[in-house]
Every structure is written in structure tokens, then in C-alpha cells.
Amino acid sequence: MSETKTLTFVFMDPPFEHERTVTFFRLLDTALDRDVNVRIFAYEGAVTLSFARQQRHGNAVHGRDTDEEAHPLTREWIASLQNKASSRGLQFEWINCGLCVDERGVNEVIEGCGRGGPPDLWRYATTAFNTLTIGTR
Amino acid sequence: MSDYLFIQSQDPFTETRAGHQYRLAQQLREAGRGVTVLLVQNGVVPARQEAQSRPFDSLLKAGVKLLADEFSLRQREINDEQLKAGIAVCDMGAAIDAMLASHKVIWH
């Protein structure tokens with residue numbers, strides 16, 4: 001039986017701002033479809049992806065209330081991926097850069113997302129089968 | 001000798017660096033490396049038959065394997081039939097498969 005491989009993704013974009021965030025989550029979802037363990041090191045604005053106090057809102061301009069607007073929240077996407085990994089017997093690890101968290105005051109993160117620093121990024125990168133860094137440029 | 005997969009999210013019409021990124025892929029191919037460019041987000045825009053970009057067309061002729069993300073195409077209402085010859089449609093699995101094949105996968 002072959003050993004399950006692990007892929008690491010390094011991401012720095014905040015939620016709700018750029019198409020890269022959607023592409024990033026699509027990559028994670030596809031990695032789980034390929035039955036690989038997934039590790040994420042989030043830094044800079046990406047530490048807010050897992051912020052627990054993200055809230056939906058309505059859209060008065062378009063006359064839609066909160067439920068009708070169904071605004072997507074990245075904390076829910078992360079939770080969904082955590083559940084998907086769990087259901088497939090895979091690991092899904094998420095570490096936020098602690099300094100980046102403190103700068104932004106976003107310590108309240110959803111369950112399953114941790115706090116770390118450059119040593120964790122080093123560990124993730126050196127022990128993974130492969131690593132993808134998604135820069136803003 | 002490593003193979004490369006570039007995830008090309010930038011386009012030559014709004015990002016001048018895209019031309020340099022194409023040249024890097026092209027030069028790696030000329031150096032004998034296996035090179036794939038996966039077009040995502042606005043990176044798919046020059047893949048339309050009507051799109052005029054010499055740097056992109058040069059890449060297309062360089063023997064680099066070119067893929068276009070189906071989701072990004074659909075978002076921009078670009079059909080498969082509207083793509084330039086030599087560009088295949090794919091999904092994100094192409095990037096994950098390249099990572100699992102130990103290719104160097106680089107985000108542009």
C-alpha cells in the first residue's frame with residue numbers, strides 16, 4: 001500500500017479581495033480529491049481567511065437580505081475542506097503566521113487552524129512531497 | 001532534470017511582466033526542459049483566437065504545452081472552440097498532478 005503524500009501550500013492573500021483566493025481553495029479541494037494530505041501556511045493577509053468572526057451580510061443595493069445574498073465566507077470553506085479531508089481519512093493542517101495574526105488582531109480562528117511561525121513553514125516545506133507558493137505577484 | 005509547470009494567472013494586456021514570464025517558460029523549453037503553462041484567471045484571456053499578443057503567440061509556437069483552466073474560461077464566457085490551436089482545456093487537477101509528479105510548480 002503506497003504512503004499518502006503530503007502537499008504544502010503557502011498563501012498570503014486576504015479573503016474577499018482577489019480571484020487568487022478562489023483559485024487557491026480550488027487547488028486545495030482538488031488536492032483532497034487526489035487523496036493527498038494538505039498543509040497550508042498562511043501569512044500576511046491570508047491569516048484572516050480563518051478568522052472566526054467573519055459575518056454574512058445582505059446587499060441593500062440589490063434588495064437581498066443576508067440569506068438571499070448567501071455571501072461566501074472563507075472560514076466556512078476551510079471548515080468544509082477540513083470535513084472533506086476527515087471523511088477521506090486525510091490530514092488537513094492549517095497554520096497562520098503568528099506575527100501576521102497579531103498585526104491584524106485576528107486571534108479568534110476556527111477550530112483546527114493553528115498559530116505558528118517561520119520554523120513551521122520550514123518544516124512544512126521540507127517534509128512535504130512538494131510545495132506551491134502563491135505570491136501576490 | 002526537472003519538468004516545470006507554471007500556473008499563469010497574469011495576462012499580457014494588464015501585466016507587462018507576463019511577457020517576461022512567457023519568455024522564462026520558453027527559455028526553459030529551449031534548454032530541453034519539459035514545460036507546461038497552465039492558464040488560470042485572466043491568464044486565459046490571450047488564449048482567445050481574436051486576442052493579439054505577440055509574446056503569447058511566440059510561447060504557443062515554442063513547443064511549450066499550454067493548458068487552460070475550464071473554470072476560468074467559463075467565468076469569461078470563452079468556449080473551447082474559441083481557443084487558439086494547441087491549447088487544451090483542463091481543471092486544477094493538472095497542477096496537483098504536476099506537484100505529485102515532482103515537477104517544479106511555480107505561480108505566476
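Chain B has a mean pLDDT of 96, and 100% of its residues reach 70 or more. This is a predicted model, so to speak of confidence is to speak of the predictor's own scores. For the complex, the predictor gives an ipTM of 0.95 and a pTM of 0.95.

I will start with the sheet in chain A. The sheet is open and has five strands, in the order 4-3-2-1-5, with parallel pairing. At the edges are strand 4, residues 113-116, and strand 5, residues 130-134, each of which pairs on one side only. On average, neighbouring strands of this sheet are turned by 20° against each other, direction ignored.

Next, one pair within that sheet. Strand 3 of chain A, residues 92-97, runs parallel to strand 4 of chain A, and four bridges join the two. If you want a place to look, Ile95(A) stands opposite Gly114(A), which belongs to strand 4 of chain A.

Now the helices of chain A. What does helix 3 of chain A lie across? Helix 3, residues 74-87, lies across strand 2 (37-42), strand 3 and strand 4 of chain A. Relative to strand 3 of chain A, helix 3 runs at about 145°.

Helix 3 also has a helix partner. Two packed helices are described by the angle between their axes and the distance between the axes. For helix 1 of chain A, residues 19-33, and helix 3 of chain A, the axes come within 10 Å and cross at roughly 10°. Angles under 35 degrees count as roughly parallel, and helix 1 and helix 3 of chain A are therefore roughly parallel to each other.

Which residues make that contact? From helix 1 of chain A come Thr21(A), Phe25(A), Leu28(A), Asp29(A) and Leu32(A). Helix 3 of chain A contributes Thr74(A), Trp77(A), Leu81(A), Lys84(A) and Ala85(A). By type, the residues of this contact divide into six nonpolar, two polar and two charged.

Last, the interface between the chains. Here 13 residues of chain B are in contact with 17 residues of chain A. On the chain B side, helix 4 (93-100) and strand 5 (104-107) each supply at least two residues. Which element of chain B gives the most to the side that touches chain A? That is helix 4 of chain B, with five residues. The residues on this side of chain B divide into nine nonpolar, four polar and no charged.

To recap the two contacts: the one between helix 1 and helix 3 of chain A includes two charged residues, whereas the side of chain B that touches chain A has no charged residues.

Notes
Residues numbered from 1 in each chain as written. Chains lettered and ligands numbered in written order. Predicted model: local features only at pLDDT ≥ 70, side-chain atom pairs only at ≥ 80, totals over all residues. Pairing = 2+ DSSP bridges. Axes fitted to C-alpha atoms, helices over the stretch in contact; angles between N-to-C directions. Contact = placed C-beta atoms within 7 Å. Parallel < 35°, antiparallel > 145°, perpendicular 65-115°, else oblique. Nonpolar A, V, L, I, M, F, W, Y, C, P; charged D, E, K, R; others polar. pLDDT = per-residue confidence, 0-100.
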